Amino acid sequence: MGQYDSRTDAYIAKSAEFAKPILEYIRKVVHEASPLVGETVKWGMPFFDYKGPICNMAAFKQHCAFGFWRSSLIKDPYLVLNNTEEPAMGSFGRLTSIADLPSKEILTDYILQCIALNEKGVKAHPKKAPAAKAELVIPDYFTDLLTGYPKAKEVFDGFSYSNKKEYVEWFTEAKTDATRQKRLDTAIEWLSEGKTRMWKYK
């Protein structure tokens with residue numbers, strides 16, 4: 001793995017026109033943050049690595065995504081990580097322009113934090129005891145809300161543990177009350193239609 005990978009060049013070249021400047025900007029910011037970071041391709045997407053994954057980017061038909069591998073471990077005083085109104089791959093929601101990303105200074109901070117985590121060998125997803133899956137704590141505010149929407153409640157109750165967990169984590173990770181309320185409203189709509197939280201990507 002080198003600092004630059006020709007497969008990343010090829011990936012950007014075949015992306016939609018709107019996506020190319022976004023991907024090129026992300027690539028530039030990552031490498032300017034640290035010369036230690038190299039490139040590779042995993043699961044068909046460009047990844048940036050240093051002693052393990054740091055972040056990755058992807059382009060779709062109408063949007064791009066950029067995400068940090070250890071986003072749950074990053075200190076985020078700016079409150080911009082995973083704070084989108086609808087579920088999407090990556091840490092910043094659906095990107096349609098460079099303006100949808102946080103500032104270069106914020107991104108650099110996150111990148112350097114991830115490098116430090118990898119230096120220390122911190123795992124992105126530490127193993128949990130099997131018993132951790134035994135109980136999913138559903139917030140009272142969501143349980144109360146479901147009582148007014150029988151169809152949504154029926155769908156949610158019939159979901160698997162993992163499908164329920166995706167919705168619950170979406171609510172509990174909201175940084176503001178307004179964001180959480182919007183997510184709750186969207187959840188009721190989707191559940192009434194029988195949809196999982198990540199239905200767009202299945």
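How many helices and strands does the secondary structure of the protein chain come to? In this predicted model, the protein chain has seven helices and four strands. The legends below take the chain as a whole and then move to close-up views.

**Figure 1. The whole protein chain, from end to end.**
Starting at the N terminus, the elements follow the order α-α-β-β-β-β-α-α-α-α-α. Along the principal axes, the C-alpha atoms fill a box of roughly 55 × 40 × 30 Å. The protein chain has 202 residues, and 43% of them are buried.

**Figure 2. The largest nonpolar core.**
This core has 33 residues, and the members that touch the most others are I26, V30, F66, F68, F92, L107 and Y110. Which elements give two or more residues to this core? They are the helices α1 (6–14), α2 (19–33) and α3 (104–120), together with the strands β2 (45–49), β3 (53–59) and β4 (64–68). Helix α2 provides the largest share, seven residues. As general background, nonpolar side chains in soluble globular proteins tend to be buried together.

Leaving aside neighbours within four places in sequence, F66 is in contact with I26 and V30, with C55, N56 and M57, with G90, S91, F92 and L95, and with L101 and L107. Elsewhere there is a second, separate core of 15 residues, and F142, F156, F171 and I188 are among them.

**Figure 3. Helices α6 and α7 side by side.**
Two packed helices are described by the angle between their axes and the distance between the axes. Helix α6 covers residues 161–172 and helix α7 covers residues 177–192; they pack at an angle of about 160°, with their axes 9 Å apart. Why is α6 called roughly antiparallel to α7? The angle of about 160° is over 145 degrees, so α6 counts as roughly antiparallel to α7. From α6, the residues Y167, W170 and F171 meet R180, R183, L184, T186, A187, W190 and L191 in α7. The residues of this contact divide into seven nonpolar, one polar and two charged.

A disulfide is a covalent bond between the sulfur atoms of two cysteines. How many disulfides does a search of the whole structure find? The search finds zero. For C55, the nearest cysteine sulfur belongs to C114 and is 6.8 Å away, and C55 is in no disulfide. C55 is buried, at a relative accessible area of 0%. C64 is buried as well, with a relative accessible area of 0%. The cysteine sulfur closest to that of C64 is in C55, at 14 Å, which is too far for a bond.

Not counting residues up to four places away in sequence, H63 touches F18, R94, L95 and T96. G93 lies 30 residues from H63 in sequence, and the C-alpha atoms of the two are 9.2 Å apart in space.

W43 lies in the loop between β1 (38–42) and β2. Phi of W43 is positive, about 55°, although W43 is not a glycine. W43 is exposed, with a relative accessible area of 65%. Moving along to the loop between β2 and β3, we find K51. K51 is a residue other than glycine, and its phi is positive too, near 55°. With 56% relative accessibility, K51 counts as exposed.

D157 counts as partly exposed, at 42% relative accessibility. L146 is eleven residues from D157 along the chain, and their C-alpha atoms are separated by 10.0 Å.

Conventions: Residues numbered from 1 in each chain as written. Predicted model: local features only at pLDDT ≥ 70, side-chain atom pairs only at ≥ 80, totals over all residues. Heavy atoms only, no water. Core = buried A, V, L, I, M, F, W, Y, C linked by side-chain atoms within 4.5 Å. Buried < 20%, exposed > 50% of the residue type's maximum accessible area, 1.4 Å probe, protein only. Contact = heavy atoms within 4.5 Å. Axes fitted to C-alpha atoms, helices over the stretch in contact; angles between N-to-C directions. Parallel < 35°, antiparallel > 145°, perpendicular 65-115°, else oblique. Nonpolar A, V, L, I, M, F, W, Y, C, P; charged D, E, K, R; others polar. Disulfide = S-S within 2.5 Å.
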